[in-house]
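Me: Let us go through this structure by question and answer. Here it is.

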Amino acid sequence: MTPPNAHGRPHIRVELLSNPIYLSGARELVGTVAKRLGFDDLDCSKIALAVDEALCNVIRHGYGRALDRPIWISIWPVEHDGAAEGIRIAIEDEAKQVDPEQMQGRALTDIKPGGLGVHIIREVMDEATYEKREGGVGMRLTLVKKAPRPTEPGVITEAASRAVQSTRPQAR
Amino acid sequence: MGDTEIVSVNTEAHQGAVLVSPQGDVDMSRSPVLRQTLHDVQARKPQRMVVDLANVDYMDSSGLATLVEAMRSAKKADTKMVLCGMNDKVRAIFEIARLHHFFTIVDSVDEAVSA
């Protein structure tokens with residue numbers, strides 16, 4: 001098991017109650033951060049969708065639709081040599097622990113309402129790992145999505161900066 | 001402002017078809033409004049029901065489930081159900097869930113009433 005703090009202190013950590021009316025705020029937060037980390041609009045929407053589905057599963061199955069239980073969302077940039085290469089998101093709860101192996105999406109061949117959340121999460125994200133939280137209470141879902149390209153100004157590496165400088169025409 | 005005020009669902013006769021036009025985000029907190037409206041419309045046993053998603057900015061799997069349930073009811077009642085007007089983000093979830101072939105999906109209301 002890899003606790004999320006193995007990736008350092010989260011850059012963002014928020015707590016919300018398990019009330020579906022706050023789903024839109026969570027989507028807005030995640031989508032906006034993903035945009036700043038280099039994802040295009042469609043990918044931002046898909047990442048927000050994956051988080052939305054994960055939160056819905058916590059509310060529906062973990063907390064039995066109780067409206068007042070805590071959920072935590074933590075966000076880190078995935079970085080390589082100082083450049084943003086993606087986003088890592090952890091969603092934690094205090095629900096009853098279940099075997100992570102049971103967290104499988106249903107087959108899509110049977111068309112029926114419901115049961116699509118885990119499939120959507122796994123389809124959208126590059127990594128989706130369920131695990132039991134430390135202390136015997138609650139689950140953690142860690143999601144990773146790699147960005148197609150780093151675009152964030154200010155995180156360009158020193159080597160890349162030198163490369164840009166070397167391609168500029170010499171002053172006459 | 002409550003969810004029922006944000007997500008208005010309008011039904012009106014449109015060239016013989018019943019037109020259902022949800023608005024805003026269709027997520028876990030709001031899909032019950034759409035579900036109830038579709039249920040009420042289908043109780044009238046229309047020949048054709050068009051769900052115009054042009055004003056839906058976002059949909060999650062609860063919205064999808066609502067539409068799957070409505071589609072199954074429509075098939076049983078011999079109602080032609082057509083979806084139209086969805087943006088790329090909404091269309092993406094249909095494709096992720098492999099449901100874009102389950103529904104009849106067209107671009108506009110005009111196409112939907114004749115599809």
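Reply: A cavity is a set of points where a 1.4 Å probe fits but cannot get out. A volume is the space filled by probe spheres set on such points. The model is predicted.

Me: What is the volume of the largest cavity?
Reply: Cavities of 30 Å³ or more come to two here. The largest cavity has a volume of about 60 Å³.

Me: Which elements each supply at least two residues of the lining of the largest cavity?
Reply: Both chains contribute residues, including A:Ser45, A:Lys46, B:Tyr58 and B:Lys89. By class, the lining has five nonpolar, one polar and two charged residues. The elements that each supply at least two are helix 2 (41-62) of chain A, with strand 5 (56-59) and helix 4 (88-96) of chain B.

Me: How far apart are the end C-alpha atoms of helix 1 of chain A?
Reply: This helix covers residues 23-36, which is 14 residues.

Me: Within what arc do the buried residues of helix 1 of chain A fall?
Reply: The buried residues are A:Leu23, A:Ala26, A:Arg27, A:Val30, A:Gly31, A:Val33 and A:Ala34. An α-helix has 3.6 residues a turn, so residues three or four places apart point the same way. Seen down the axis of helix 1 of chain A, the buried residues line one face, because they fall within an arc of 165°.

Me: Which exposed residues sit on the face of helix 1 of chain A turned away from its buried side?
Reply: The buried residues have cover from both chains, including strand 1 (12-17) and helix 2 of chain A and strand 3 (24-26) of chain B. The face turned away carries the exposed residues A:Glu28 and A:Arg36.

Me: Is A:Asn19 buried or exposed?
Reply: A:Asn19 lies in the loop between strand 1 and helix 1 of chain A. Beyond neighbours within four places in sequence, A:Asn19 is in contact with A:Ile59 and A:Leu67. Buried means under 20% relative accessible area. A:Asn19 has 17%, so A:Asn19 is buried.

Me: Which element gives the largest share of the lining of the largest pocket?
Reply: The largest pocket has a volume of about 780 Å³. Of its 39 lining residues, the closest to the centre are A:Asn57, A:Val58, A:Ile59, A:Arg60 and A:His61. Elements that each supply at least two lining residues include helix 3 (117-124) of chain A and helix 3 (61-76) of chain B. The largest share, seven residues, comes from helix 2 of chain A.

Me: How many charged residues does the lining of the largest pocket have?
Reply: Its lining has 18 nonpolar and 13 polar residues. The charged residues number eight.

Me: Which element gives the largest share of the lining of the second largest pocket?
Reply: About 350 Å³ of space lies in the second largest pocket. Of its 14 lining residues, the closest to the centre are A:Arg27, A:Glu28, A:Gly31, A:Ser45 and B:Lys89. Two or more lining residues come from helix 1 and helix 2 of chain A, and from strand 5 of chain B. The largest share, six residues, comes from helix 1 of chain A.

Me: How many charged residues line the second largest pocket?
Reply: By class, its lining has three nonpolar and four polar residues. The charged residues number seven.

Notes:
Residues are numbered from 1 along each chain as its sequence is written. Chains are lettered from A and ligands numbered from 1 in the order in which they are written. This is a predicted model: local features need pLDDT of at least 70, side-chain atom pairs count only at pLDDT 80 or more; totals for chains, interfaces and linings use all residues. Side-chain values use heavy atoms; hydrogens and water are left out. On a 1 Å grid over the protein atoms alone, a cavity is a set of points where a 1.4 Å probe fits but cannot get out, and a pocket is an open set with protein on both sides within 12 Å along at least five of seven lines; lining residues have an atom within 4 Å of a point. Helices (H or I, at least four residues) and strands (E, at least two) are DSSP runs, numbered from the N terminus. Ala, Val, Leu, Ile, Met, Phe, Trp, Tyr, Cys and Pro count as nonpolar, Asp, Glu, Lys and Arg as charged, and the others, Gly among them, as polar. The expected span of a helix is 1.5 Å times one less than its number of residues. Buried means under 20% relative accessible area, exposed over 50%, partly exposed in between (1.4 Å probe, protein chains only). The arc is that of the directions from the helix axis to the C-beta atoms. Contact means heavy atoms within 4.5 Å.
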